[in-house]
Amino acid sequence: MSGSSSIRRKHLTIALPKGRLLQSVLPILQKAGLTPEDEFFDSKSRRLEFDTSDPNVGLIPVKPFDVATFVAFGSADLGLVGADVIHEFGYEEIYIPVDLGLGHCRLSVAATPEVADQPIGHLSHLRIATKYPNLTRNFFAQKGIQAECVKLNGAIELAPKLGLCPYIVDIVTTGNTLKANGLVEMETILEATSRLIVNRNSFKTKSDSINHWITAFREAVDDKADAA
Amino acid sequence: MSPVKAALLPAGFEDMLPPIAKQESWLIGQLLNSFDSYGYQRVKPPLLEFEQSLVSGTGVAVAEQTFRLMDPVSQRMLGVRADMTAQIARIARTRLDALARPLRISYSGQVVRVQGNQIRPNRQFSQAGAELIGAEGNSRFPALTETIDLALTALKRLGIDKMSIDLTLPKLTSYLLSELDYSEEVRVQLIKALDQKDTAEINRLAGGNQELLIGLVQAAGPAELVLQKLNAMSLPKSITQDFGNIAELISVIQAAHHEVTVTLDPVEQRGFQYHEGIGFTFYSGSAGAELGTGGEYRVHYGEEDDRGEAASGFTFYSDALLEVAQADPPVRSIYLAANTKAEEALTLRADGWITIKQLENDDSDLRTLAQKFNCGFVFANGEIKALD
């Protein structure tokens, strides 16, 4: 009836993160028993939805930051995404049943060395450039500091250098990007790996097939851990 | 045309238009008829009442979701109800205190919430529900099965398909965690991790109980399978005591409603802030949100009411039902020529027609007018004529 825009969909849809993370999750996907169709690997393809070796399962590659959103709203039943994105959005409609153990990184506060040396405990307010305003605000609220977040979508390390704000909160993998931009890491907000996430409604109403894939991904992860 | 911005409504509020407005009242009517047929008597509490009574007892669950305003008359804070269950509890424990137990009550009405969420963006929607109050001791289980049977029967009457009921043990998580002796801080984090089935976080926090807690989280899905899994785990006896009831409940539901899928998720707590014993949530594979929720709880009202009464009940949400309920049965509409006599129109309506009357005869073509007003028939000169 109202509002249900029911386009005919595959039984299950999995949202995958485009870009760097995709390369690391593909082997797990394969090991779990899902091979994307050939066109999925064609960078020139304009298609947004792809078939897999399982006729009941479709794939949608989306921006990493959108994976959690697609799953929370039930547009995808399952998703593979970093814990940083999951916690930034804090969607209530998501379960996080499997740690894929990939894409290790951390969300950290960083600043120029001069700024990093100064204590911040006495401040009531900070201006911070970040792609993660919610996690940042919560982290500083715990310290009694109001974080005024300037939301940027990239090149965050530039912000202190160009005087946009003294602090940044960003994902750190090796620390090389920070170093190259003359920043030092001050504190870690969150350690993150990528996860398998499940829409709550799908979990309840398609429990047979969802449980099958949760187990398949879990076993794929355990396999990899054993092999390592 | 009026300027667009004058029609802007606050986020989460909407004008319900034809035909959805009628569809909604039809489906609420169908639900109430089902409740009537099981002997549940209707009550109609007010939209506003003193904040204190709205957010006490079962109302704590929606305290943060309640709109408040100052009553200029009593100079006290009022709340707009965000959930009707607390009002039913108040009525049952005060005004209907002297009525015979068990007490069967049904209700429907609008509720308003401070915030919508992702899958339920509406801040105003209708609730319709039924509560069976005062069935103590051995009557508790039959009371639970009666309310579930009523709920499923009522949903079926709306023509909803791919129905499933998810059972849970609302007190299990908090009970288990208190037995396992965690610090308050870890306990709170574990509750959240269990709620999100976040195995990585449970692993980090569980300190020696990983196998138990992760085993519990992973035991969710088709009810019989899950129950087998749970029985194979070495769980404390205090927790397994409800499992017998669950097993019986599963077979009772499947006997009466074999087309309904029964799932079990023992750590599910969402929407069960005040429930104990067994809780349940209704889903349809075709709906984006849950259709309704319910379970066993104790009805309390006021601070002195520490004993309370055993209760079992459920509530449906109109917004989710509208997505999946069948359309209300169509009624034939007929366009009446301006010279139609009052008695003729009366007879047509008595025969079940919806009549739409031409107000003045301005020589327009009746068939064109009939089409314009979605009528498939025309009535002129004492005759009914189909349009095509």
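Where is the place of P102(B) in chain B? The residue lies in the loop between α3 (85-93) and β5 (103-112) of chain B, where helices (H or I, at least four residues) and strands (E, at least two) are DSSP runs numbered from the N terminus. The peptide bond leading from R101(B) to P102(B) is cis, with omega near -5 degrees.

The structure is a predicted model, in which local features need pLDDT of at least 70 and side-chain atom pairs count only at pLDDT 80 or more, whereas totals for chains, interfaces and linings use all residues. Residues are numbered from 1 along each chain as its sequence is written, chains are lettered from A and ligands numbered from 1 in the order in which they are written, and side-chain values use heavy atoms, with hydrogens and water left out. For chain B the average pLDDT (the predictor's confidence in each residue, from 0 to 100) is 92, and 99% of the residues score at least 70. The complex is given an ipTM of 0.88 and a pTM of 0.91 by the predictor.

Two helix pairs of chain B illustrate the packing of its helices. The axes of helix α1 (residues 20-37) and helix α4 (residues 140-157) of chain B come within 9 Å and cross at roughly 140 degrees, the axes being lines fitted to C-alpha atoms, for helices over the stretch in contact, and the angles running from 0 to 180 degrees between N-to-C directions. This angle makes α1(B) oblique to α4(B), on a scale where angles under 35 degrees count as roughly parallel, over 145 as roughly antiparallel, 65 to 115 as roughly perpendicular and the rest as oblique. The crossing of α1(B) and α4(B) is right-handed; a crossing is called left-handed if the near helix is turned anticlockwise from the far one by less than a right angle, and right-handed if clockwise. On the side of α1(B), the contact (heavy atoms within 4.5 Å) is made by Q30(B), L31(B), N33(B), S34(B) and F35(B), and on the side of α4(B) by L150(B), A154(B) and R157(B). These residues divide into 4 nonpolar, 3 polar and 1 charged, where Ala, Val, Leu, Ile, Met, Phe, Trp, Tyr, Cys and Pro count as nonpolar, Asp, Glu, Lys and Arg as charged, and the others, Gly among them, as polar.

In the second pair, helix α9 (residues 223-232) and helix α11 (residues 243-256) of chain B have axes that come within 11 Å and cross at roughly 165 degrees, which makes α9(B) roughly antiparallel to α11(B). The crossing of α9(B) and α11(B) is left-handed. Here A223(B), E224(B), L227(B), L230(B) and N231(B) of α9(B) meet F243(B), I246(B), A247(B), I250(B) and Q254(B) of α11(B), and the contact comprises 7 nonpolar, 2 polar and 1 charged residues.

Turning to the strands, 9 of them form an open sheet of mixed pairing in chain B, in the order β1-β5-β6-β12-β11-β10-β7-β9-β8, two strands being paired if DSSP finds at least two bridges between them. At the edges stand β1 (41-42) and β8 (221-222) of chain B, each with a single partner strand, so one side of each is left without a neighbour in the sheet. Within this order, strand β10 (residues 275-284) and strand β11 (residues 292-299) of chain B pair in the antiparallel sense over 6 bridges, and F282(B) stands opposite G292(B) in β11(B).

A further open sheet of chain B has 3 strands in the order β2-β4-β3, with antiparallel pairing; its edge strands are β2 (48-50) and β3 (67-70), each of which pairs on one side only. The twist averages 35 degrees from one strand to the next. Strand β4 (residues 77-80) of chain B is joined to β2(B) by 3 bridges, and L48(B) has V80(B) as its bridge partner in β4(B). In the loop between β3 and β4 of chain B is found Q75(B), which has a positive phi of about 60 degrees although it is not a glycine.

Strand β15 (residues 377-380) of chain B pairs in the parallel sense with strand β13 (residues 333-336) of chain B over 3 bridges, and in the antiparallel sense with strand β16 (residues 383-386) of chain B over 4 bridges. β15(B) and β16(B) form a hairpin with 2 residues between them, and N381(B) in the turn has a positive phi of about 50 degrees.
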